[in-house]
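Let's walk through this one together, a question at a time. Have the sequence and the 3D view at hand as you read.

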Amino acid sequence: MTLLTPHKDVSAFLASPQGLRIGDARIETSALLDVIDPSFDTLATQVALGGADDIDHAVAAARAALEGPWGSITTHDRGQLLWRLADAIEENKQIFGELDAIDNGKPMHVARDVDAVYSARHFRYFAGWPSKIEGRTIPVSSPGKMNFTKVEPVGVCGLITPWNYPTLMMAWKLAPALAAGNTIVLKPAEQTPLSALYLADLALKVGFPPGVINVVPGFGRDAGAALAAHPGVDKVGFTGSTETGRRIIEGSVGNLKKISLELGGKAANILFDDADLDKAIEGSFWALFGNNGQSCTAGARLFVHRSIKEQVADRLAEMAKALSVGPGMDTTAHDLGPVISRPQMEKVLNYIQAGRARGAEVIAGGAQQGDSGYFVAPTVIQSVTDDMTIAREEIFGPVLCLLDFEDEDEVIARANDTDFGLAAGGWTRDVSRVMRLSDQLKAGTLWINTWGDTDAASPFGGMKQSGYGREMGEEAIALYSQTKSVWLG
Ligand code: ADP
């Protein structure tokens with residue numbers, strides 16, 4: 001193992017506690033938030049810890065920006081700022097890569113070349129939108145009257161993001177919210193606040209008026225809950241667990257703020273016996289192990305046709321054993337990092353244990369790996385049945401569960417037998433079956449003969465208890481806008 005020497009800007013960033021970003025100020029707090037490097041279980045740095053008062057202050061700054069310079073900016077200039085921010089993210093992708101590698105643990109090259117680059121692309125896609133958010137003229141049946149609509153920003157948006165893709169999840173929410181003309185108070189996950197603070201600085205540098213993007217790191221129960229409940233916040237965009245999603249709704253009732261929720265998942269991925277097996281096995285493997293299983297769209301329940309289950313299981317186990325794991329900043333090429341935290345590691349190991357106790361068979365991994373950091377050996381478990389906890393609850397770690405099936409109707413019913421509905425999919429060469437799957441699988445995104453693709457232009461979000469609202473594409477603009485109907489007589 002050889003660790004990368006951090007970029008000088010990253011070293012400087014980590015050298016002293018970073019303040020909250022409110023307006024154009026960096027605000028120090030007496031309490032600090034420990035930022036742990038999950039690759040080593042050590043303190044990477046500390047940042048300011050925001051609470052309810054800081055949220056208040058940030059909401060006031062966001063309101064002032066909305067009623068001030070940002071509210072009157074031309075659509076051209078709004079789009080151009082988004083484009084400039086995209087460029088700045090791309091130019092500084094090394095820094096974003098290192099910051100995410102340090103507090104999240106994912107391999108730096110992935111954080112840099114995938115997360116940061118796709119975040120920049122996200123801003124670029126939405127940079128084109130401000131000038132295309134149009135109302136309509138409506139042919140009402142009232143003689144002599146005219147009716148038209150104006151599409152306006154919702155207002156001050158509280159964005160609450162998770163730790164699994166710190167930069168990318170922030171981009172998914174910020175870009176459409178800004179394109180639609182809103183101002184922002186962002187609360188990043190307490191485990192991964194670094195890239196959000198850095199992005200706030202870049203936004204000021206490229207010319208965003210102060211107060212348009214405010215960043216307040218803090219705990220969910222304090223800063224997060226205060227943001228969700230704040231009477232001055234018009235909308236909350238949230239990505240996280242289903243349980244927290246419920247709390248956000250409860251918190252929102254005071255001022256009936258608008259809410260969009262991207263919550264948990266337990267995606268079914270169905271491997272039929274007529275699939276292109278090499279492609280299906282490779283795809284199904286990464287459907288789970290991508291981002292170390294820490295994705296709400298992870299293909300966590302892999303249903304394999306009974307006639308091919310042994311060979312598929314053998315190959316998946318071999319592939320899992322061949323994966324290399326290492327610290328985020330390890331320069332030796334490696335596939336996966338640690339999981340995010342000690343509690344998360346323990347939770348994942350407990351799930352594996354629960355599966356074993358019910359008779360499921362671990363055929364790769366199954367334990368902690370190494371003795372420093374939160375590494376879980378890539379795990380494959382076979383003979384999983386629908387009623388086991390590991391088949392029903394979101395594990396959010398490198399644990400692939402194999403179930404088997406006999407026929408199509410049966411497996412579709414079982415795939416849908418979950419409270420979640422974020423993603424689902426399968427592998428088959430039969431075109432009629434593809435059509436049936438796309439009709440019958442109940443999830444916001446289906447991947448058929450592929451897995452994990454997303455695009456800034458394509459709507460993304462959940463059915464059932466995986467949430468509501470669609471991020472990305474024109475749906476995301478609608479999510480952060482509201483329509484006003486104007487009558488003229
Ligand atoms: P996880 O359990 O995987 O950490 P969470 O849903 O708890 O997922 O976290 C996602 C985001 O929600 C984080 O930014 C977290 O701080 C925030 N959060 C947690 N609890 C609350 C809450 N009660 N109100 C608002 N935000 C919260």
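Q: How much area do domain 1 and domain 2 bury between them?
A: Keep in mind that this is a predicted model. The size of an interface is often given as the accessible area lost when the parts come together. Here 59% of the buried area is on carbon and sulfur atoms, and the total between domain 1 and domain 2 is about 2200 Å².

Q: Which residues of domain 1 lose the most area to domain 2?
A: The domain assignment gives domain 1 as 9-263 + 466-488 and domain 2 as 268-455. Three residues of domain 1 together make up 25% of what that side buries. They are P38, W163 and S466.

Q: How far apart do the C-alpha centres of domain 1 and domain 2 lie?
A: The two domains do touch: 27 residues of domain 1 are in contact with 28 residues of domain 2. Their C-alpha centres, though, lie apart by 31 Å.

Q: Which side chains meet in a salt bridge at 2.8 Å, N to O?
A: Side chains of opposite charge can pair when their charged atoms come close. The rule finds 1 salt bridge across the interface of domain 1 and domain 2. With D41 in domain 1 and R342 in domain 2, the pair that meets at 2.8 Å is D41 and R342.

Q: Which element gives the most residues to the side of domain 1 that touches domain 2?
A: Between the two domains, 11 residue pairs are in polar contact. On the domain 1 side, the elements that give two or more residues are helix 4 (93-103) and helix 5 (108-127). The one that gives the most, with 4 residues, is helix 4.

Q: How many nonpolar residues does the side of domain 1 that touches domain 2 have?
A: Sorted by class, this side has 9 polar and 6 charged residues. The nonpolar count is 12.

Q: Which residue has a backbone N or O atom 2.8 Å from an oxygen atom of the ligand?
A: The ligand is surrounded by 17 residues, and the closest are T161, K187, E190, S241 and T244. An N or O atom in the side chain of T244 is 3.0 Å from a ligand oxygen, while a polar backbone atom of A225 is 3.4 Å from a ligand nitrogen. The backbone atom at 2.8 Å from a ligand oxygen belongs to S241.

Q: How far apart in sequence are the parts that D201 and R21 tie together?
A: The whole structure holds 24 salt bridges. In one of them, the closest N and O atoms of D201 and R21 are 2.6 Å apart. D201 lies in helix 7 and R21 in strand 1, so the pair ties together parts whose separation in sequence is 180 residues.

Conventions: Residues numbered from 1 in each chain as written. Predicted model: local features only at pLDDT ≥ 70, side-chain atom pairs only at ≥ 80, totals over all residues. Heavy atoms only, no water. Domains from an automatic or database assignment. Contact = heavy atoms within 4.5 Å. Buried area = accessible area lost by both parts, 1.4 Å probe. Salt bridge = Lys/Arg side-chain N within 4 Å of Asp/Glu carboxyl O. Polar contact = N/O pair within 3.5 Å; in protein donor to acceptor, adjacent residues only side chain to side chain. Nonpolar A, V, L, I, M, F, W, Y, C, P; charged D, E, K, R; others polar. Near = heavy atom within 4 Å.
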